[in-house]
Amino acid sequence: MKRIAEFHKVSLKQFIESCDRADAERIYDAIKLPKRATKGSAGYDFFAPYDVELKAGETARVPTGIRAEIAEGWVLSLYPRSGLGFKFRLQLDNTVGIIDSDYFNSDNEGHIQIKITNDSRDGKTLFIPAGSGFAQGIFTEYGITYSDDVDTERNGGFGSTG
């Protein structure tokens, strides 16, 4: 396996700005870095920083408190955990989250926030306890075209590249 990335927590200041909860400092202290469940797992589980409850059709933005330092030429793709997708039709609102290697140095410290929706067609309520895995990230190598000459740099999060 190639070792191409490292997870870090964002600063407490950044987490408080993104979290919008009175108990953000307590939550921050308990944030767990993503990890693989087994040596054969491709995905790194992202853990809920606090309890999340979604009735069918409801949406939540989850500030993970995590940033990813990724080698150039690699990307982190985010997906719902398979079991939650199967049982509750849990979906990421942007279908697949893409974390580019240059996102780490953004003004928001590259804070990974995941917006999820419980798309249950059976009226099921989804409850994700704090510390439970709800999304997974997979690192993938990518290529560019021979004629690519992009030299601009990122400074921001969602929509910052145009």
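Biologist: What order do the strands take in the open sheet that includes S2 and S10?
Modeller: The order is S2-S10-S5-S7, an open sheet of 4 strands with antiparallel pairing. Strands here are DSSP runs of E with at least two residues, and helices are runs of H or I with at least four, both numbered from the N terminus. Two strands pair if DSSP finds at least two bridges between them.

Biologist: Before we go on, what kind of model is this?
Modeller: This is a predicted model: local features need pLDDT of at least 70, side-chain atom pairs count only at pLDDT 80 or more, and totals for chains, interfaces and linings use all residues. Residues are numbered from 1 along each chain as its sequence is written, and side-chain values use heavy atoms, with hydrogens and water left out.

Biologist: Thanks! Back to that sheet: which strands stand at the edges?
Modeller: S2 and strand S7 (97-100) do, each with a single partner strand, so one side of each has no neighbour in the sheet. The twist averages 30° from one strand to the next. Angles run from 0 to 180 degrees between N-to-C directions, with axes as lines fitted to C-alpha atoms, for helices over the stretch in contact.

Biologist: And how many bridges join S2 to S10?
Modeller: There are 4 bridges, and S2 and S10 run antiparallel. Phe46 stands opposite Ala135 in S10.

Biologist: Phe46, OK. Is Phe46 buried or exposed?
Modeller: Phe46 is buried, with a relative accessible area of 1%. Buried means under 20% relative accessible area, exposed means over 50%, and partly exposed is in between (1.4 Å probe, protein chains only).

Biologist: Which aromatic ring does Phe46 form a pair with?
Modeller: Phe46 pairs with Phe7 in an edge-to-face arrangement, 5.7 Å centre to centre with 85° between the planes. Rings of Phe, Tyr and Trp (its six-membered ring) pair if their centres lie within 6.5 Å; planes under 30 degrees apart count as stacked, over 60 as edge-to-face and the rest as tilted. Phe7 lies in strand S1 and Phe46 in strand S2, so this pair ties together parts that are 39 residues apart in sequence.

Biologist: What about Phe7 and Phe139?
Modeller: Their ring centres are 5.7 Å apart and their planes are at 40°, so that pair is tilted. Phe139 sits in strand S10 (residues 133-141) and Phe7 in strand S1, so the parts tied together are 132 residues apart in sequence. Phe7 is buried at 8% relative accessible area, and Phe139 counts as buried at 17%.

Biologist: Which residues make up the aromatic cluster?
Modeller: Phe7, Tyr44, Phe46 and Phe139 form one cluster.

Biologist: Switching topic: which residues touch the most other members of the largest nonpolar core?
Modeller: Phe46, Leu76, Ile112, Ile114, Ile116 and Phe134 do, in a core of 36 residues. A nonpolar core is a set of buried Ala, Val, Leu, Ile, Met, Phe, Trp, Tyr and Cys residues joined through side-chain atoms within 4.5 Å. Strand S4 (residues 59-70) supplies the largest share of this core, 5 residues.

Biologist: What is Leu76 in contact with?
Modeller: Leaving aside neighbours within four places in sequence, the contacts of Leu76 include Phe7, Phe46, Ile112 and Phe139. Contact means heavy atoms within 4.5 Å.

Biologist: And the sheet with S4 in it, what's its strand order?
Modeller: That open sheet of 4 strands runs S1-S4-S8-S6, with antiparallel pairing. Strand S1 (5-9) and strand S6 (90-92) are the edge strands, each pairing on one side only. Neighbouring strands are turned by 40° against each other on average, direction ignored.

Biologist: Where does helix H1 lie?
Modeller: Helix H1 (residues 12-19) lies across S4 and S8, at about 155° to S4.

Biologist: Last topic: how many salt bridges are there?
Modeller: The count comes to 7. A salt bridge is a side-chain nitrogen of Lys or Arg within 4 Å of a carboxyl oxygen of Asp or Glu. Arg81 and Asp45 form one of them, at 3.5 Å, N to O. This pair links distant parts of the chain, 36 residues apart: Arg81 is in the loop between strand S5 (74-80) and helix H3 (82-88), and Asp45 is in strand S2 (residues 44-47).

Biologist: Are Arg81 and Asp45 buried or partly exposed?
Modeller: Arg81 is partly exposed, with a relative accessible area of 30%, while Asp45 counts as buried at 10%.
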